[in-house]
Amino acid sequence: MHLPDLEEYTYEEFIAEDAFGFTFRTDFLGRESRALKVLKTLAIQPEVLGPVLEKLATSPTHPNVVELVDVDFSEMPCFYATPVYGRRSSSTGRWVIPTLEGMMAGLPQAEAMAVIEQLSSGMAHLHRVGVAHLGLRPANLLIVVGEDGNACIKIANAGQGYSSELYCLELGDMGFYTSPEQLGAAPSSAPIDGKCADVYAFGVIAYRLLTGQMPRLAELHAEWKNGSHSEWDFDDPQLYIDHLDASGPITWPSDFGGRADQARRDLIGQCLSLHAHERPADMREVHAALEAILQEETLDAERAQLTEELAQVRQRLDAQLRTAEEAARELETQKREFAERERQLISENKRRIEEAVAEKGPPVKVIPGGVRPFWRRAAIGMSFLSLLVTAVAVMLGLGYGTSKKEADQMAQDLAALQKIRQQLEANQNALNQSLTQNVQERAKADAEALANANAKELLAQSNAQTRTMMRLTQRNTDLFFQALFKNRESDVPGFRSERTQLLAEARVYYGQIIKLFANEPDFVLTVASAHRFAGLIDQEQGHLTEAATHFQDAYRLMDQVKQNWSTPDADFLESLADTQRNLAKIQSETGVPADRVLMLLNASSENWRQLMAVRRGQENRWLREQATNRLIESDIFSRQGARDSALKAVSQAVDILVPLREKEPNNDLTLGALGLAFTSLGDLLYESGKLEEAQEALNQGGAALSAAVRSNGAADSHQFALAKNLALLGQITGDPEKTNDAAHLLARLVAGNPSNLEYPALLARCYGHLAERQRDGGQIAQALELERKAVDQLRKLVKVSGDNLSASLRWEMGNRLSHYSEVLSDSQNHAEAFKAAQEGITYISPLVTSNPSNRDFLVLRATLLGRAGDSAKSLNHKPEAAAFYQEAMKDWVELVKMNQSDQQAVMGIDWAKGRLAETQQ
């Protein structure tokens, strides 16, 4: 073995030998250790392999491919160098490099799939840079443990198989992974298409990882490992060809199931085809297919998880509903029992009163003076009268001699006494009736008082149970709708329509909660939560005024609660921070002074920061929320014309999100937020005139957003941010294809989200950019159609918003109508151009009134006034035109007062003066 004499390298020890060469651990210039592989002259074709390895050495590195740090094919023997991997064995003292061969049959399926993913990614990279391996096998797949303690696969010896001289090699087990066309290549023939051969080798390794056995030649492989057939020449390619020709189709274990698993089996089966044309063309195609399967599997898992969570929440709600129904039934039972006790009590009291009256007479205390003495006197009087009547009768009967006059007088006296008796009896009956009624009324009053006391006690007990149950029920309801809001974007069939229906029902429910418990001290948090969710629903449906009112009420109530809590819990802080942010977003759109909105947003950020200490383990999420607040803050500054402050805020968001992407590279929320941050940064840089920096930021944002969409294709928010990125790139680069792509993407989003106000606004902007390009190219008719489509999109938003138009919508509408008026004038439709300019003035004037120092507002209104004047002048309405020119000049003059070096304003004054002079001719 002849080793090259290399001044930079010092040979330290021999590591390994394979069919292509010898590997040594060396010292490179006393700075680092390198693995130097000296290639066997007969095993390679230097004129083919040299350019391949040099290409690999100069290509970008990949985490799953061994890096080439030095390559030299200028003289024989050729060599290349890589970092040193492996360790020294404590038992033998020899250098050991762990490879996948020792783990082929012992990996769980999840770990096996992770290895397959890494292998396909690394091989796809090799094929992407134009390098085929042609010697792929487990022994060439190193297991390397990184500084973080995680192991990964690194593909070694890439490109060494660029030789058709397999008949000259010591094949060993490489023959089990070599494609039939490579095995059958004649000596000294031209190199074959190695990428398709690598696909076959990948299929063998993947099959063996998943099943623990070879897809074909399993018995031959076992015999090779055991050395039980020494008469067979395992270095003869024809041996493998003969056995492959005799093999049948591959089979899979029957218990190897699942939709994603079936898709992987089908793909691996294609890779293992004995005919090259039936396999995928290269590993890029294989890797893309595996990624698609993995994404679909992830989506399936998310769908299943979401379905399970929804089912669990519904079960809890059903249980709470059953509990509520049982409590309601119990309350109804208690009411019936009380009513029955009341009826019995009244009946019993009445019976006792009647018995008392019948047996003993009325109570003495009711009638002053007593009842019994009066009736004793009446009874004595009646006895006396009876005796008197009897005596008279006796006297008459005995024939005492009396005169007729005396007899008549006695008869009259007797009649008078009888009348007195009748009157006394009538008085007694009236007295008895009065006494009975009086006692009954008092008894009923006493019974009602007792019943009311019992009822109040029962109702108080039942009300306490009901209130506790209501708070618990709404807590579970809030958890359900919290999950519903977090998972608003899903491609599960029927999810969105069902979600929309649930939100409509929730809006009614929360309205009832607010109405019922608004003034109940023990329901403050319940009502605050109801306001918050009602606000979220209104915000999503585009009812910003109603949403702002609910968020304001929620914030007010939550602030009261927070002041009385020494340490608020995490759920409360999260709700408060989210409420403050949403309120700030809406207020920034509705003309609330920026300082108040920023104070509210800062309070939200402080609560997100506090959550990092209160709820550990979710720091990444809280950082992402703070970055989102910085983006909103940047947008507020941008609207105020404070671009430096806006740039500072968006840069802070980028500084938070870039390290976060390193921590969670596959989190679509982090990727989406980072992409949006770079897009906003690019927009601000573009407005500042830094075109190259703006384009670079937008390219970075587009890459992050594309990754976010690949990770979660159901998220409309990622697609919207990507459309915004494309629209800005199209505007900066003048590439209409990018703007067209953005418009197509937005049109689909608008169709699927009719209540979202952002989507049609950006779509209108895209139509406007395309219209401006058509107008610059002299295509007035096409430009006019695009401008009309843009205005139509914005008018839909105006209709949804009603009388409460946001500042941004007013600006968009005024700006778009200005361009629309200009194109209408170009097409000689001056009447419609005049109407469009006037309409634009009505939208922009309130912005100037509320913020008279905003240059952009003043410039746009002055421009619209000028366009209205031009249209009126073309219609020969000179007095009206002069009035518009005069108003335009006032705005230009105001701009010069603000900044005397404003050349646009100076030119605007001269322009207005010239137009005024023309109207006076």
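The legends below describe close-up views of a predicted model.

**View 1. The largest nonpolar core and the surroundings of Leu657.** The largest nonpolar core of the model comprises 97 residues. Ile636, Leu657, Leu681, Leu746, Met813, Leu817 and Tyr820 are the members with the most contacts inside this core. When residues up to four places away in sequence are left aside, Leu657 touches Arg624, Ala627, Thr670, Ala673, Leu674 and Ala677. Another core, of 64 residues, lies apart from the largest one; Leu68, Ile143, Tyr240 and Ala260 are among its residues.

**View 2. Helix α14.** This helix covers residues 570-589. At 1.5 Å a residue, its 20 residues should span 28 Å, and the C-alpha atoms at its ends are 29 Å apart, which agrees. Of the 20 residues of α14, 18 are buried, so the helix is largely enclosed by the rest of the structure.

**View 3. The salt bridge between Glu17 and Lys40.** Glu17 and Lys40 form a salt bridge in which the closest N and O atoms are 2.9 Å apart. The pair links distant parts of the chain, 23 residues apart: Glu17 belongs to strand β1 (residues 9-17), whereas Lys40 is in the loop between β3 (32-39) and α1 (46-58). Glu17 is partly exposed, with a relative accessible area of 46%. Lys40 has a relative accessibility of 18% and therefore counts as buried, the cut-off being under 20%.

**View 4. The salt bridge between Glu664 and Arg624.** The side chains of Glu664 and Arg624 meet in a salt bridge, at 3.0 Å from N to O. Glu664 is in the loop between α17 (643-663) and α18 (668-687), and Arg624 is in helix α16 (residues 619-639); the pair links distant parts of the chain, 40 residues apart. Both Glu664 and Arg624 are buried. Arg624 is also one of the residues that Leu657 touches.

**View 5. The salt bridge between Glu772 and Arg816.** A salt bridge joins the side chains of Glu772 and Arg816, with an N to O distance of 3.5 Å. Glu772 lies in helix α22 (residues 758-776) and Arg816 in helix α24 (residues 807-826), so the pair ties together parts that are 44 residues apart in sequence. Glu772 is partly exposed, with a relative accessible area of 28%, whereas Arg816 is buried, with a relative accessible area of 4%.

**View 6. A network of salt bridges.** Glu574, Arg581, Arg621 and Glu625 are linked in a network of salt bridges. The structure holds 34 salt bridges. Side chains of opposite charge can pair when their charged atoms come close.

Terms used
Residues numbered from 1 in each chain as written. Predicted model: local features only at pLDDT ≥ 70, side-chain atom pairs only at ≥ 80, totals over all residues. Heavy atoms only, no water. Core = buried A, V, L, I, M, F, W, Y, C linked by side-chain atoms within 4.5 Å. Buried < 20%, exposed > 50% of the residue type's maximum accessible area, 1.4 Å probe, protein only. Contact = heavy atoms within 4.5 Å. Helix = DSSP H or I, 4+ residues; strand = E, 2+ residues; numbered from the N terminus. Expected span 1.5 Å × (residues − 1). Salt bridge = Lys/Arg side-chain N within 4 Å of Asp/Glu carboxyl O.
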